[in-house]
Amino acid sequence: MSNLDSDDYYEVLGVPRNADENAIKKAYRKLALKWHPDKHAGGSDEQKLDAEQKFKKISEAYEVLSDTDNKKKIYANYKNIINNVYFKNYLVFKTRTFIT
């Protein structure tokens, strides 16, 4: 299941981190069809804008994850760094609150 509110591209497309190119492509096509702005052309302005933003996010996720040579590796390293920094800051904060 995709989570279009997430900043994690794998969650946006609803695929596991070990997904192959075909699974990524299949998830992208399904979501792109669902949220394509032309499909929501008859809706209100708010619905059109929402569909456009979701479509852009889906397209960005696919662009990064489908580039197996560069972007996917960079993204994986970036997510690991962010998660490590967050975890270390959490431990420091938690340790400080228990000491005082």
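Modeller: Happy to; here is a walk along helix H3 and its salt bridges.

This is a predicted model, in which local features need pLDDT of at least 70 and side-chain atom pairs count only at pLDDT 80 or more, while totals for chains, interfaces and linings use all residues. Residues are numbered from 1 along each chain as its sequence is written, and side-chain values use heavy atoms, with hydrogens and water left out.

Let's start with the helix itself. H3 covers residues 45-66; helices here are DSSP runs (H or I, at least four residues), numbered from the N terminus. Its 22 residues should span 32 Å at 1.5 Å a residue, and the end C-alpha atoms lie 31 Å apart, which agrees. The expected span is 1.5 Å times one less than the number of residues.

Next, the buried residues. Ala51, Phe55, Ile58, Ala61, Tyr62, Val64 and Leu65 of H3 are buried, where buried means under 20% relative accessible area, exposed over 50%, and partly exposed in between (1.4 Å probe, protein chains only). As a general point, an α-helix has 3.6 residues a turn, so residues three or four places apart point the same way.

Now for the charged side chains. The structure holds four salt bridges, each a side-chain nitrogen of Lys or Arg within 4 Å of a carboxyl oxygen of Asp or Glu. One of them joins aspartate 50 to lysine 54, with the closest N and O atoms 3.4 Å apart. These two are four residues apart in helix H3, so about one helical turn separates them. Aspartate 50 is partly exposed, at 31% relative accessibility.

Another salt bridge pairs lysine 56 with glutamate 52, at 3.3 Å from N to O. Lysine 56 and glutamate 52 are also four residues apart in helix H3, and therefore about one helical turn apart. Lysine 56 is exposed, with a relative accessible area of 52%, whereas glutamate 52 is partly exposed at 34%.

The salt bridge between lysine 57 and aspartate 7 has its closest N and O atoms 4.0 Å apart. This pair links distant parts of the chain, 50 residues apart: lysine 57 sits in helix H3, and aspartate 7 in the segment before helix H1 (9-13). Lysine 57 is partly exposed, with a relative accessible area of 23%, while aspartate 7 is exposed at 63%.
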